[in-house]
Amino acid sequence: MDIIQMDINLIDEDTDQPRYQFDEQSLQELITSIEELGLLSPIKVRKTDNGRYKIIYGNRRYKACIALGKQAIPCIVSTMTNEMDIYLEQIAENLTREGFSPIEEAEAFHKLLNNEKFSSSVKFLASKLSKPESYIKNKCELLKFSSAVKKRIVSGTAIRKDVLTEDQLLPIKDLPMELRDPLALIFARDEMPVSDIKKIAKLFKDADISASTKEKLLFKDGPALLETWSIRQNNKAERAKPAQPAEPKKKAVALQMEQQTVQQPIEQQLVQGQEQQQVGVKDNLPNQSASLAANSASVDSTVVSAAQPSAANVSEAAPPAAAVSTPAATAAKADTDGMPPVLAQLQQLMMTLEAAGAPPLAKALESMEAETRDTFLQDVDKLIVHLQHQLLEWNQLKE
């Protein structure tokens, strides 16, 4: 491709090109660079019907050379005549240059998609420009915003005060304009990061919040809107928790916890009693053994009588525990040797009940009248407390 020095007076700018915004500071920097080093990259032009040339790309370089008073400028002369091809080349060239704003891109894509002269499609543009279709669609979404918002949109992803990036705007692009534009200006003023903007966008997309409430929320700043979103999320989480159990179930759980509170110390003390067992301790506790024997006889009478559903059944029960003598009872007695007195008495009691033919506890409870069953359970509770007291005394004496 030939590069020629062309009279700068024969060249015209293309007022329909995609890029039309030129930052004065960057243009001044370009002027300084060309003055010191010369124009390192030629501009591209095409011939028009009147014998003049129109710029395809290189408008900034052309402006800088005009400002420096240059008479000629190096050019590449294109032979293209198809308007679509020329416009696509202008877009492709500017995509590689700094300063091509997202709004300029969006307007160029919109022109190719909607202008009768081009009537292109998103798929066609994506293939020609080597961009994803979503890239083109997202750029076009920026055109929904008002001019007050669009003039703040800049390239890049850096969050800066009073400007907006494409990433900051896309989360709110589907909101109504009366919400979308005020929110965008709030985000620009408060330098809101994209992650927070996405949360605030969900708040304004919530169908359960009325339109009037959303309008009132616009009086808040960015951090306050984020706090409102957080509070609403916490409230939703609380409402999503399962309902509390019914009252009977509460009572059952409370009763179970109460029983565990009583039983756990007993179990711990039984284990401690076994670990701390010493030879000859029983010989020093004659009074305690006699007391436990009396308690055992009382327990035998209480449990057996409570387990029987009526007085008639009680009269037909087996003889008292003291009168029962079976191989099982004899074996139980042998097994209790060396045990703490409380454990020995408990094991003897269980064997005595089995020998006396007492029915299983669960079956007996089912056959009892409600009043009798309540009395029996109260007696059992008293027995547990009594045994706990005996165990405490046993451990204190051993120590």
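Predicted model: local features only at pLDDT ≥ 70, side-chain atom pairs only at ≥ 80, totals over all residues.
Local features need pLDDT of at least 70 and side-chain atom pairs count only at pLDDT 80 or more, while totals for chains, interfaces and linings use all residues. Residues are numbered from 1 along each chain as its sequence is written, and side-chain values use heavy atoms, with hydrogens and water left out.

The protein chain has 19 helices and 5 strands, which are DSSP runs numbered from the N terminus (helices: H or I, at least four residues; strands: E, at least two). Of its 399 residues, 35% count as buried, that is, under 20% relative accessible area with a 1.4 Å probe and protein chains only. Among contacts (heavy atoms within 4.5 Å) between residues at least 6 apart in sequence, 72% join residues at least 24 apart.

The side chain of Ser78 reaches the backbone nitrogen of Met80 at 3.1 Å. Leaving aside residues up to four places away in sequence, Ser78 touches Lys44, Val45, Arg46, Lys47 and Ile56.

Attention now turns to empty space. Rolling a probe the size of a water molecule over the atoms shows where such space is left. A pocket is an open set of points on a 1 Å grid over the protein atoms alone, where a 1.4 Å probe fits, with protein on both sides within 12 Å along at least five of seven lines; lining residues have an atom within 4 Å of a point. The volume is the space filled by probe spheres set on the points, which are joined across faces, edges and corners. About 700 Å³ of space lies in the second largest pocket. Of the 31 residues that line this pocket, Arg19, Ser26, Arg60, Glu98 and Gly99 are the closest to its centre. Helix α1 (24-37) gives the most to the lining, with 4 residues.

Note on methods
Polar contact = N/O pair within 3.5 Å; in protein donor to acceptor, adjacent residues only side chain to side chain. Buried < 20%, exposed > 50% of the residue type's maximum accessible area, 1.4 Å probe, protein only.
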